[in-house]
Amino acid sequence: MGLDIKIPIGLMFSILGVILTILGVVTRGDTEMYEQALGYNVNLFSGLVMLAFGGFMLLTSRLFKKKKED
Amino acid sequence: MQTTFSLGTIDWTIILIYFVFVLGIGWALKRYMKDSSAFLEAGRSLPAWVTGLAFISANLGALEVIGMAASGAKYGMIIIHHFLIGAIPAMIFLAIFMMPFYYGSKARSVPEYLKLRFDEKTRGFNAFAFAIMTVFSSGISMYALALLGQVIMPLDIDWNILGLHIGEFDFYLLISAMIVLVYMVLGGLTSAIYNEVLQFFLIVIGFAPVVFIGLKEVGGWEGIRANLPENMLHSWKFAGNAADNPMGVNWFAVFFGLGFVLSFGYWCTNFLVVQRGMAAGSMSAARKTPLIGALPKMFLPLLVVVPGMIALALTNLGTLELPLKEGTMVTDYDKVIPMLLMRYMPVGVLGLGLVALMASFMSGMAGNVSAFNTVFTYDIYQSYIRPNKSDKHYLKVGQWTTVVGVLVSIITAYVAKSFNNVMDFLQLVFAFINAPLFAAFLLGMFWKRTTGHAAFWGLIGGTIAASIHHGFTLPVGATAGVKGGFFGLAHTYGSEMAQNYWTAVYAFSAALLLTFVITLLTKKLKTDDELKGLVYSLTPKVRDDSKYWYQKPEVLAVIVGVILIILTIIVW
């Protein structure tokens, strides 16, 4: 199929990753907010994981390969 | 105690972004939908990792996610059989032995394979039963989503549109149906498969923090062990005697009923999952589909069964209270996942977890609609209603079938809402019809003598055997009716699961025996030439075109098998 699924997956996880990472950084030290998560800054952790995963998907997608060939 | 989520702007933004991408994928695929094969078979062009993840995601709808977490809390570790012996051997078998027939023959669907191998009536029986079953399953997914939405994310909606009252339930139902409808009409099977892949990653990333923090709170595996009875911590150790384990099953029912009949009947013959493999770009990719799916499948219990065990450990510790089912004194285990999400997830990751749940509900609907489309268009419309039309015509029909499929699903969802028993009854009938199916495939694929009459009457006989067995047995504590016992009571099982396993054993055995005997009594109508590519002994061995030896399906199958054995020993 013409559309490489890695592109939308990579984009979506990158965008969500950016949002959660920023949220995690901004709310860093907010013990009240993260009390229910036993003190872990889950937004920051999840955000970084999603950024890494989204970036990996984009880098290995057709989008990037084509650019290289050109 | 808090029972609804308080969502922040960020959570809603995350949910919105997900919807934009889901619809965007459909929109981007629209221009590739030029013929019926592109729409209904994804053009047979997808890479193996995509079809492989879709293969297991199609079976990871919210009903399964929520149901497996509930079973984890109810039965403990023994439910892991559904991810190991109850799935993996069948996936290996499908990859090595059966996929060459499905992918290599001209069949575009499982019913069409039955037509080529046996005859018209066997195909018709399977096609109609399957078509009805898929729209109903899609409707049940829709109903479950609307119900969950209404309970955990109340929106305070009370609209009046043209005299129709639209409440929260209706709102969630209609909006999810609309989204599924749009992306399915635009991108067909490819849309469904792409969204299943998206859903898979969302579930992994969305649920992982919940499990991580849950384990931290109970004190890791040691904490679970300390707070759960010994017989909920093992999968095989207490399976020697049905009375010893919480599910009330013995090793034979697990090994033969679940591990053989139910598992092979589902993973090897259910078009919903087989269709994912058939959408792959090459024979090699099609055969690798179930194997690639098997790898994450074996580790899914960490995300969907462990939460149930965490919830039970917390309940036993006295720090968590699972709610009761409305108006009863029965614990509502289905609330395990929402309860844990609520307990641990602050704004942000909470939206992510909810998106993962929604994604799994919606792809549960879409998966069924996509399988329904193909079977209806090719096996019912093209075969019985309007044969010999142009391909453009069937593409149009496929698109309209999507619309009709979603509309019927909506109606089904409302039926489920008003008559719970009707749905239970229908699901039961489908279970009866499915149970003997693998017998017909097994004999048909490996014994060229097997005749069409034999296969057809074997299926009917197996279905009847299933209903007789069900009619004479009951799970412990249930009253006669949908749960069984409507003919009388000959045996009581330890749980519904145990009863299901045994129903499958009887249905399969009856179908196998009947098909065998009737084959010997009837004349073989298909010549060996006609059966070429459909029966094992008459099909040339597939030569795999993988570049490296380690990419071959056989090698992958051995790796999967070894991991299965190691995991089985670990959770023994």
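Q: Which domains make up chain B, and is the model predicted or experimental?
A: The model is predicted. Chain B is divided into domain 1 (9–418 + 553–570) and domain 2 (436–540). The bounds come from an automatic or database domain assignment. The centres of the two domains, taken over C-alpha atoms, are separated by 25 Å.

Q: How do you know that domain 1 of chain B touches domain 2 of chain B, and how many residues are in contact?
A: Two residues are in contact if their C-beta atoms lie within 7 Å. Between the domains of chain B, 27 residues of domain 1 are in contact with 23 residues of domain 2. On the domain 1 side, at least two residues each are supplied by helix H5 (88–104), helix H6 (110–117), helix H7 (120–152) and helix H10 (251–269) of chain B. H10(B) gives the most, with 11 residues.

Q: What is the make-up, by class, of the side of domain 1 of chain B that touches domain 2 of chain B?
A: That side has 17 nonpolar, seven polar and three charged residues.

Q: Why is the packing of helix H11 of chain B against helix H12 of chain B called oblique?
A: Helix H11 (residues 271–278) and helix H12 (residues 283–297) of chain B pack at an angle of about 135 degrees, with their axes 7 Å apart. The contact is made by Arg276(B), Gly277(B) and Met278(B) of H11(B) and by Ala286(B), Thr289(B) and Pro290(B) of H12(B). These residues divide into three nonpolar, two polar and one charged.

Q: What makes Ala42(B) buried or exposed?
A: A residue is buried if 20 or more other C-beta atoms lie within 10 Å of its own. Ala42(B) has 30 other C-beta atoms within 10 Å, and is therefore buried. Ala42(B) lies in the loop between helix H2 (36–41) and helix H3 (48–57) of chain B.

Q: How does the radius of gyration of chain A stand against that of a compact globule?
A: A compact globule of 70 residues would have a radius near 11 Å, but chain A has 16 Å. The C-alpha atoms of chain A fill a box of roughly 50 × 20 × 15 Å along the principal axes. Chain A has four helices and zero strands, and buried residues make up 36% of its 70 residues.

Q: How many residues does each chain give to the contact between chain A and chain B, and which helix of chain B gives the largest share?
A: The contact takes 32 residues from chain B and 24 residues from chain A. On the chain B side, the largest share, 10 residues, comes from H8(B). The residues of that side divide into 23 nonpolar, six polar and three charged.

Methods: Residues numbered from 1 in each chain as written. Chains lettered and ligands numbered in written order. Predicted model: local features only at pLDDT ≥ 70, side-chain atom pairs only at ≥ 80, totals over all residues. Nonpolar A, V, L, I, M, F, W, Y, C, P; charged D, E, K, R; others polar. Rg over C-alpha atoms; globule rule 2.2 N^0.38 Å. Buried ≥ 20, exposed ≤ 12 C-beta atoms within 10 Å, placed from the backbone. Axes fitted to C-alpha atoms, helices over the stretch in contact; angles between N-to-C directions.
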